[in-house]
Amino acid sequence: MAEESDFQIGSFSYPGLADVFLTRAQKFIDYVLDWGRKNSLWPLTFGTSCCAIEMMTFGATKVDADRMGTLFMADSPRLSDLILVSGTITKKMARRLLNMYEQMLYPKYVIAVGACNVSGGLYHDSYNTIEGVDRIIPVDVYIPGCPPRPEQFMDAVRVLQRLIKENETKVQKYGRYY
Amino acid sequence: MADIIDDLKLKLKDKISVLYSDPKEPVVALADKTAIKPVASIISKSFDILFMLVVVDRAPKFELNYLFSRYSDDKTITLRVVVDEKDYAIDSICSVFDSANWEEREAYDLFGIKFTGHPDMRRILLPEDWPGFPLRKDFKVTDEIRNWTGLDLKF
């Protein structure tokens with residue numbers, strides 16, 4: 001490690017020109033990468049119940065997800081950046097959802113769709129559902145509704161794009177192993 | 001339809017009693033739960049499938065309703081057995097009716113009734129290490145169940 005000497009006590013030094021240049025370059029690279037990421041979100045469809053129907057409408061012609069770069073093309077968690085958890089997550093499904101989430105590559109974003117995934121919704125205080133999917137995985141954007149309109153999906157994706165631009169998503173704030 | 005009830009009465013004299021003798025869908029009560037397997041094999045001679053197994057919680061006892069049907073004239077017969085609170089156990093009729101396999105697993109999953117002699121007595125809907133039997137009347141949603149996720153992870 002070449003930088004080790006910089007962190008010794010008593011030998012503090014001001015950043016040199018090379019450090020300033022590297023920081024600026026890093027910021028510029030991050031900006032370009034975030035710009036690319038926010039405009040090509042490939043969602044992983046995790047539809048387990050009625051919200052999945054609205055998610056299909058979100059991908060179809062009338063409310064077109066493709067014009068925001070949200071292409072429903074990834075048929076594998078390893079190709080996707082965003083997971084749309086749409087539908088009730090039962091306690092048996094929780095392990096499977098976490099398996100899917102763990103297979104996605106960094107950086108990954110989560111949108112919790114519908115009342116069931118926000119707070120339990122209709123199945124609040126039930127013996128067999130996870131009350132809010134944020135008990136299992138970190139959620140960036142919540143969409144209320146039972147089920148939500150397809151336009152709300154579009155709004156959520158725009159909110160997520162703004163969060164990525166402002167470095168405010170969970171994975172950007174808290175790092176890879178949040 | 002009358003012949004099957006007569007046949008049952010002939011073979012198991014006082015163990016069986018007819019509760020509701022509609023010719024299309026009679027309800028037959030079986031007093032002794034250990035006789036479920038011979039009764040099922042008598043029924044299997046004239047009925048094709050066990051299409052439903054209904055469990056009613058009459059606390060502290062459980063009432064099992066076996067609904068058999070046949071394809072030829074679409075008639076059904078209901079066999080009613082009471083399982084008491086001593087062990088909540090009854091013989092499996094899986095060897096007579098194959099469709100009893102999943103029905104009995106579901107009854108075990110949600111009510112905790114044990115079917116002895118079942119080939120694969122596991123939970124069918126809930127996770128296998130889930131605590132309790134949720135459709136019983138005395139079941140309460142406690143904090144343990146509310147917070148149970150099946151994962152050993154905390155975020």
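Predicted model: local features only at pLDDT ≥ 70, side-chain atom pairs only at ≥ 80, totals over all residues.
Look for A:Leu44 here: across from it, in S2(A), sits A:Ile83.

Now step back to take in the whole sheet of chain A. It's an open sheet of 4 strands with parallel pairing, in the order S1-S2-S3-S4. Strand S1 (43-47) and strand S4 (141-143) of chain A each have a single partner strand, so they stand at the edges and one side of each has no neighbour in the sheet. On average, neighbouring strands are turned by 15° against each other, direction ignored. Helix H5 (residues 150-165) of chain A lies across strand S3 (109-113) and S4, and runs at about 170° to S4(A).

Over in chain B, there's an open sheet of 5 strands, this one with mixed pairing and the order S1-S2-S5-S4-S3. Its edges are strand S1 (16-20) and strand S3 (49-58) of chain B; each has a single partner strand, so one side is left without a neighbour in the sheet. The twist from one strand to the next averages 25°.

Inside that sheet, strand S2 (residues 27-30) and strand S5 (residues 76-83) of chain B run parallel, joined by 4 bridges. B:Val28 has B:Leu79 in S5(B) as its bridge partner. Helix H2 (residues 36-43) of chain B lies across S2, strand S4 (61-69) and S5, at about 180° to S5(B). Helix H3 (residues 100-111) of chain B also packs on the sheet, touching S3 and S4, and its direction makes about 15° with that of S3(B).

Finally, the chains meet: 12 residues of chain A are in contact with 11 residues of chain B. On chain A's side, these residues divide into 6 nonpolar, 1 polar and 5 charged.

Definitions and conventions: Residues numbered from 1 in each chain as written. Chains lettered and ligands numbered in written order. Contact = placed C-beta atoms within 7 Å. Nonpolar A, V, L, I, M, F, W, Y, C, P; charged D, E, K, R; others polar. Pairing = 2+ DSSP bridges. Helix = DSSP H or I, 4+ residues; strand = E, 2+ residues; numbered from the N terminus. Axes fitted to C-alpha atoms, helices over the stretch in contact; angles between N-to-C directions.
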